[in-house]
Amino acid sequence: MSTDDHSDLARIVVGVDGSEHSRHALRWATFMADAMGAEIDAVAVAELTGASAGAGWFHIAATRGQLEGATAMLGQTLNDVFGADQPPGLRPIVEQGVPAQALLGASRGAQMLVLGSRGQGGFRGLMLGSVSATCAAHATCPVLVIHGDNPHP
């Protein structure tokens, strides 16, 4: 599914990589969506791996295994966070690409982009991961970077 397939309702995009930080981001995105009357696009990214030249163009694509892995991880993460009680308007989306670029593209036209402060590749002690830092610097919508775990007092 592509992020181009969304309705005209307010939309919040949340990056999901299976990390505990992205699970917190999902919870916060749900809280924000409830407050804003928005739908949620939960976006996982199957990273690009190889380049092949054809007709003068370079085609870089995630492998089938990477797409299947990203899809399975997204489904498992959504199940872990929400169980059978997934929020209405939640759309799981798997994009191919470089994570920061894919999330920036997915968030075009959104009311907000929600990200965990670090993802699967995070280094201990780093306050902000490279994907969240890049998105915060270049997004065309507000970016909420989650450092805490629970949006409810």
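Predicted model: local features only at pLDDT ≥ 70, side-chain atom pairs only at ≥ 80, totals over all residues.
Start by selecting residues 20–36, which form helix α1. With 17 residues at 1.5 Å a residue, α1 should span 24 Å, and because its end C-alpha atoms are 24 Å apart, the model agrees with that expectation.

Go back to α1 and colour its buried residues: Ser22, Arg23, His24, Ala25, Leu26, Ala29, Thr30, Met32 and Ala33. To see what covers them, show strands β1 (11–15), β2 (39–47), β6 (112–116) and β7 (143–146) together with helix α2 (64–82), which are among the covering elements.

Now keep α1 and α2 in view. Two packed helices are described by the angle between their axes and the distance between the axes. Here the axes of α1 and α2 come within 10 Å and cross at roughly 60°. The crossing is right-handed. On the α1 side, select Arg23, Leu26, Arg27 and Thr30; on the α2 side, select Thr77, Leu78, Asp80, Val81 and Phe82. These residues make the contact, and by class they are 4 nonpolar, 2 polar and 3 charged.

Finish on Arg23, which lies in helix α1. Is Arg23 buried or exposed? Its relative accessible area is 16%, under the 20% cut-off, so Arg23 counts as buried. Leaving aside residues up to four places away in sequence, Arg23 touches Gly18, Thr77, Asp80 and Val81.

Terms used: Residues numbered from 1 in each chain as written. Heavy atoms only, no water. Helix = DSSP H or I, 4+ residues; strand = E, 2+ residues; numbered from the N terminus. Expected span 1.5 Å × (residues − 1). Buried < 20%, exposed > 50% of the residue type's maximum accessible area, 1.4 Å probe, protein only. Contact = heavy atoms within 4.5 Å. Axes fitted to C-alpha atoms, helices over the stretch in contact; angles between N-to-C directions. Left-handed = near helix turned anticlockwise from the far one by under 90°. Nonpolar A, V, L, I, M, F, W, Y, C, P; charged D, E, K, R; others polar.
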